[in-house]
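Thanks, everyone, for making time this morning.

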There are 2 protein chains.
Amino acid sequence: MGKKAGKQTFEISNPPTIISTGTVAGPFEGQGPLASDLDVIVSDIRDGQTTYEQGERSMLTKACRLALDHASHSISEVDLFLAGDLLNQIISSSFTAATLGLPYLGLYGACSAMAEGLGLGAMILDGGFVGSVLVATSSHNSATERQYRYPTEYGGQRRPYQQWTVTGAGAALLGYTGSGPRITAVTVGKVIDMGCKDPLNMGAAMAPAAADTIAAYFSDTKSDPSSLDLIFTGDLGEVGLNLCREELAEAGIELGDKLHDCGLMIYDRTKQDVHAGGSGCAASALVFLGHVYKGLQKKEMNRVLLIGTGSLHSPTSYMQGENIPCIAHAVRIERG
Amino acid sequence: MGKKAGKQTFEISNPPTIISTGTVAGPFEGQGPLASDLDVIVSDIRDGQTTYEQGERSMLTKACRLALDHASHSISEVDLFLAGDLLNQIISSSFTAATLGLPYLGLYGACSAMAEGLGLGAMILDGGFVGSVLVATSSHNSATERQYRYPTEYGGQRRPYQQWTVTGAGAALLGYTGSGPRITAVTVGKVIDMGCKDPLNMGAAMAPAAADTIAAYFSDTKSDPSSLDLIFTGDLGEVGLNLCREELAEAGIELGDKLHDCGLMIYDRTKQDVHAGGSGCAASALVFLGHVYKGLQKKEMNRVLLIGTGSLHSPTSYMQGENIPCIAHAVRIERG
């Protein structure tokens, strides 16, 4: 049975292994510097389907099947499916759950979905309820942009602090077989609202939530940055990552070159015009389950913290003048 | 530590108590037959706020505070907040989480939110991670109708099989103190898609999911309806409840007068023009956390099953011609 360490952090007594992962990325993401760490780069943003939304769920289903294939697991060996995404009513996740036919709990944490799922999956496994959990998430540039902002076809000029929603999907199979990296602790975030009202500047909105959760992790575990090799935020982008670093430094937590952002890692900003970096559920899913997971397997790193960051607004809420509330969930992963 | 019983059901080894509940309903729901079992009936559908959405989250926050007050718990004694609702990006839940300042995991299961939260809360408590969990959900007729269908001001004629989205909010405090009803088992649903495409006929769409989960519960626990006093579906309405009853009877599971639907219980259809009954996250939250919870406390019943039912479509998905995928999660609650 897990135990609480401090106010927000849970230590996993019997840490589950991330047995395998599956990653599927869009064509633009396939031009990025981490493409060789991803399983599949699709050539069509609709992935052969009629709509962007169908394309997103097609990639999500593929990512789930790849994770199972890589572990030589059949679908019937999976006990529980945890998933969430950015589309209204998380339709990518729910339609994928229908296709897979697994017992399913839908999650919503915006772009923190992968960290929320990995954390909750580890807790349910540690509780002895199941032997394996499949966790998945996705995002799609065209489907998300038109839902939250403008259709991409509109070609509106983007502001320098805006980020580019990543097209892709990632899935992770958790359980107690194999010898991969293990999820050893989870820090559940609080919703932080610092008064930011600009839905185009999500990095700035999310930075205080990321800093709050990172500070809670160190406080709860009575540890400092020397205990971790690397720290990855989900999708703060350049603006958010700098703010997060500054806020933590002011609180006496100096992360230096240990702190990286998945949204900044997935694209080459000297060649790809993504402004402040990548965003979306798939940013951390692809970078973490592709690149970082392989780094842990290759023993390039031993102990890392992933902080999934999510902006919890809706178009309705910001058009009604509300602030942008944000959250960040952290999972600590150690080489098995 | 919990244990799996069959494919979808988890037996809770150390069942948590539903220590207290809080229920807040809209004025129309206050005219229904169960009004005396609810804590607060607001007189204004916006609950004194400017927008319907703010009104919904105001009721949700009140329900959470009522649950804490009824248990004489301070907010700082709560370890985790689990919530979900119907509005895009579950803004009611996330804004309430910001107000409460609690570690928060956002859920999405459409109208199955309360059952999903109670089930997951019981699993996390049984896993030994936390000592108390606050679970909450809400729905709002005007906010939901305009998001999914038409603004209520439009006054469109409603079809006989349509249901009426319940305005209100419910919260439950789970933990290991007190002597109230206990959550003893959880059946996690699968997404069921039987080809229904009409987003106005959600009872028919959800009925097969409810029947699937009820059948899974009996199969997994190797029990039959004689083991339960009463069975409550969330919001199938008249059309869906009849279909669910028929489908189960065809599978040899006769529920007779043990089967009830929260959506049919909350309104007096001879006086309130709600067509096929109530729907929305608040239907099961108000009926279960108000009426049924009190019935368990008064020893009018001993062992009941709540089956939260959710329709997982979005306006985008059905306008793109997709089917309506549905889910149902069950929790067994026994008098403490």
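This is a predicted model: local features need pLDDT of at least 70, side-chain atom pairs count only at pLDDT 80 or more; totals for chains, interfaces and linings use all residues.

Let me begin with I307(A), which stands opposite A330(A) in β15(A). Residues are numbered from 1 along each chain as its sequence is written, and chains are lettered from A and ligands numbered from 1 in the order in which they are written.

Strand β14 of chain A, residues 303-311, pairs with β15(A) in the antiparallel sense over nine bridges, where pairing requires that DSSP finds at least two bridges between the strands. Strand β10 of chain A, residues 182-187, also pairs with β15(A) in the antiparallel sense, over five bridges, and there I183(A) has I333(A) as its bridge partner. As for β15(A) itself, residues 326-334, eight of its nine residues are buried, that is, 20 or more other C-beta atoms, placed from the backbone, lie within 10 Å of their own.

Turning to the two chains, how many residues of chain B are in contact with chain A? The count is 52 residues of chain B against 52 of chain A, contact meaning that C-beta atoms, placed from the backbone, lie within 7 Å. Because 100% of the interface residues of chain B are also interface residues in chain A, the copies meet through the same surface.

Notes. A residue is buried if 20 or more other C-beta atoms lie within 10 Å of its own, exposed if 12 or fewer, and partly exposed in between; C-beta atoms are placed from the backbone. Helices (H or I, at least four residues) and strands (E, at least two) are DSSP runs, numbered from the N terminus.
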